[in-house]
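Subject: Structure for your files

Hello,

Here is the structure you will be working with. Please open it alongside this email, as the notes refer to it throughout.

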Amino acid sequence: MPIKAASFKHLRQTKTRSLRNHKVLSTMNRAVKLARRAVAAKSSDVKAKITLAIKSLDSAAQKGIIKKNTAARLKSRISKSLNKKSV
């Protein structure tokens, strides 16, 4: 355990930030997974699910939880799979 008060504060901040980041990450991962499943199943609401996934990826990238290129890569792969299935 830390000795200094500043170290205790850092622990509190880390715990709070980790919880916040985890919530955003789990939401993002869930949205991406739903979009991929919708594309694979050729679901009727595939556009809405892909839009939601792209929104959550952009949000996570903007908050610095994932890198911008990671978000771009995932968005590209989702849209690429949609274009493959529709052809």
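This is a predicted model: local features need pLDDT of at least 70, side-chain atom pairs count only at pLDDT 80 or more; totals for chains, interfaces and linings use all residues.

Helix 1

Helix 1 covers residues 5-41. With 37 residues at 1.5 Å a residue, helix 1 should span 54 Å, and its end C-alpha atoms are 54 Å apart, so the two values agree. The buried residues in helix 1 are Val24, Met28, Ala31, Val32, Ala35, Ala38 and Val39. These buried residues pack against helix 2 and helix 3. In general, residues three or four places apart on an α-helix point the same way, because there are 3.6 residues a turn.

Lys42 counts as exposed because its relative accessibility is 61%, and the cut-off for exposed is over 50%.

Helix 2 against helix 3

Two packed helices are described by the angle between their axes and the distance between the axes. For helix 2 and helix 3 (residues 68-86), the angle is about 170° and the axes are 9 Å apart. Angles over 145 degrees count as roughly antiparallel, so helix 2 and helix 3 are roughly antiparallel to each other. On the helix 2 side, the contact is made by Val46, Lys47, Ile50, Ala53, Ile54, Leu57, Asp58 and Ala61. Helix 3 contributes Lys68, Ala71, Leu74, Lys75, Ile78 and Leu82. Sorted by class, this contact has ten nonpolar and four charged residues, and no polar ones.

Ser56

Ser56 is a residue of helix 2. Its relative accessibility is 12%, so Ser56 counts as buried. Apart from neighbours within four places in sequence, Ser56 is in contact with Met28 and Ala31, both of which are among the buried residues of helix 1.

The nonpolar core

The largest nonpolar core has 18 residues, and those touching the most other members are Val46, Ile50, Ala53, Leu57, Ile66 and Ile78. Helix 1, helix 2 and helix 3 are the elements that give two or more residues to this core. Helix 1 gives the most, with seven residues. As for Ile66, its contacts are Leu25, Met28, Leu57, Ala60, Ala61 and Ala71, leaving out residues up to four places away in sequence.

Regards

Key:
Residues are numbered from 1 along each chain as its sequence is written. Side-chain values use heavy atoms; hydrogens and water are left out. Helices (H or I, at least four residues) and strands (E, at least two) are DSSP runs, numbered from the N terminus. Buried means under 20% relative accessible area, exposed over 50%, partly exposed in between (1.4 Å probe, protein chains only). Contact means heavy atoms within 4.5 Å. Axes are lines fitted to C-alpha atoms, for helices over the stretch in contact, and angles run from 0 to 180 degrees between N-to-C directions. Angles under 35 degrees count as roughly parallel, over 145 as roughly antiparallel, 65 to 115 as roughly perpendicular and the rest as oblique. Ala, Val, Leu, Ile, Met, Phe, Trp, Tyr, Cys and Pro count as nonpolar, Asp, Glu, Lys and Arg as charged, and the others, Gly among them, as polar. A nonpolar core is a set of buried Ala, Val, Leu, Ile, Met, Phe, Trp, Tyr and Cys residues joined through side-chain atoms within 4.5 Å. The expected span of a helix is 1.5 Å times one less than its number of residues.
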